[in-house]
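Subject: The structure you asked about

Hi,

Here is the structure I promised to pass on.

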Amino acid sequence: MQRIRLRYTKRGRLRFTSHRDFQRAFERALRRAEVPMAYSAGFTPHPKVSYANAAPTGTGSEAEYLEIQLAAHRDPETLRALLDESLPDGLDVTDAVEARTSGLADRLQASVWEIRLDGVEAQTAERAVEAFLAADEVQVERRTKNGIRTFDARAAVARLEAAGHDSDRPDGKACAILRLVVRHLTPAVRPDDVLSGLRATADLAPPVPAAVTRLAQGLLDEETGAVTDPLAPDRDAATAAPPTAAGLSAAKATSGASPAAGEGTA
């Protein structure tokens, strides 16, 4: 049994696909790529795929993660390329590593988000950010399937910055960019909740819906606010691991010599 961890994106119009839509598209890609999946037991077996902390529908992402279990060994990079070809443009598999450590989900401690606010001046966004960060707590409301829920959006925000951006719209209107790092707490605080908090603390109300993209997620350095690659421990473990018997056999076949042959020519 082999486990492969994948990083994939949701870009362009594909940001509007729901998590269930992505699951269906990914399972079709597994069949097209003829991936030797391991399946669950029972009357309705399913491919063993574990999804981790999917982005909300309508938000783009450069850093979504999942893990698959295979019934036969495959090279991670070859598998990545096959799956990437089998998925529609916008759902792009950008990285693959063999799982050599435990706890991928536990390493997804925080996300880096970018929020584009068309029609908002950079100075207006900066004042709103200052008001939000100065508050001890920012209570916001979100409608859930169990009704309206109220919670603090401020505690989850590890970092929040505002900057201007040269708008690419033909009317040349102002555009502010928010960059924020949000801890993965319970209840989960989403970028929309932070926008609600900015509206509550500084009356920031963009004239058009914000464009939200997740840039990264992983381990959070509380001192610097940096979010690190969650697949790095698997790469490090692969580098430190001794070569396998299969790898040694492949190396001998490539060199065209064996230890016995070398001894005979000495």
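This is a predicted model: local features need pLDDT of at least 70, side-chain atom pairs count only at pLDDT 80 or more; totals for chains, interfaces and linings use all residues.

Residues are numbered from 1 along each chain as its sequence is written, and side-chain values use heavy atoms, with hydrogens and water left out.

**The whole chain**

The protein chain has eight helices and eleven strands. Both are DSSP runs numbered from the N terminus: helices are H or I with at least four residues, strands are E with at least two. Of its 266 residues, 38% count as buried. Buried means under 20% relative accessible area, exposed means over 50%, and partly exposed is in between (1.4 Å probe, protein chains only).

What about contacts along the chain? A contact means heavy atoms within 4.5 Å. Of the contacts in the protein chain with a separation of 6 or more, 75% are between residues 24 or more positions apart.

**Rings that pair up**

Rings of Phe, Tyr and Trp (its six-membered ring) pair if their centres lie within 6.5 Å; planes under 30 degrees apart count as stacked, over 60 as edge-to-face and the rest as tilted. By this rule there are three aromatic pairs. Why does the pair of Y8 and F22 count as stacked? Because the ring centres are 4.2 Å apart and the planes are at 5°. This pair links distant parts of the chain, with Y8 in strand β1 (residues 2-10) and F22 in helix α1 (residues 19-32), 14 residues apart. Y8 is buried, with a relative accessible area of 4%, and F22 is buried too, at 3%.

F22 also forms a stacked aromatic pair with F26, at 5.8 Å centre to centre and 20° between the planes. Those two both lie in helix α1, four residues apart, which is about one turn of the helix. Like F22, F26 is buried. Put together, ring pairs link Y8, F22, F26 and Y51 into a cluster.

**A cavity and a pocket**

Rolling a probe the size of a water molecule over the atoms shows where empty space is left. Here that is done on a 1 Å grid over the protein atoms alone: a cavity is a set of points where a 1.4 Å probe fits but cannot get out, a pocket is an open set with protein on both sides within 12 Å along at least five of seven lines, and lining residues have an atom within 4 Å of a point. Grid points are joined across faces, edges and corners, and a volume is the space filled by probe spheres set on the points.

The structure holds one cavity of 30 Å³ or more, and the largest cavity has about 40 Å³ of space. You'll meet Y8 and F22 again here, as they are among the residues that line it. β1 and α1 each supply at least two residues of this lining. By class, the lining of the largest cavity has four nonpolar, three polar and two charged residues. (Ala, Val, Leu, Ile, Met, Phe, Trp, Tyr, Cys and Pro count as nonpolar, Asp, Glu, Lys and Arg as charged, and the others, Gly among them, as polar.)

The largest pocket has a volume of about 180 Å³. It is lined by 14 residues, and N53, H184, A188, V189 and R214 lie nearest its centre. Strands β5 (110-118) and β9 (175-183) each supply at least two residues of the lining.

E34 lies in the loop between α1 and β2 (49-52) and is exposed, with a relative accessible area of 68%.

Lastly, which two residues does a cis peptide bond join? They are T186 and P187, with omega about 0°. You'll find P187 in the loop between β9 and α5 (191-202).

Happy browsing!
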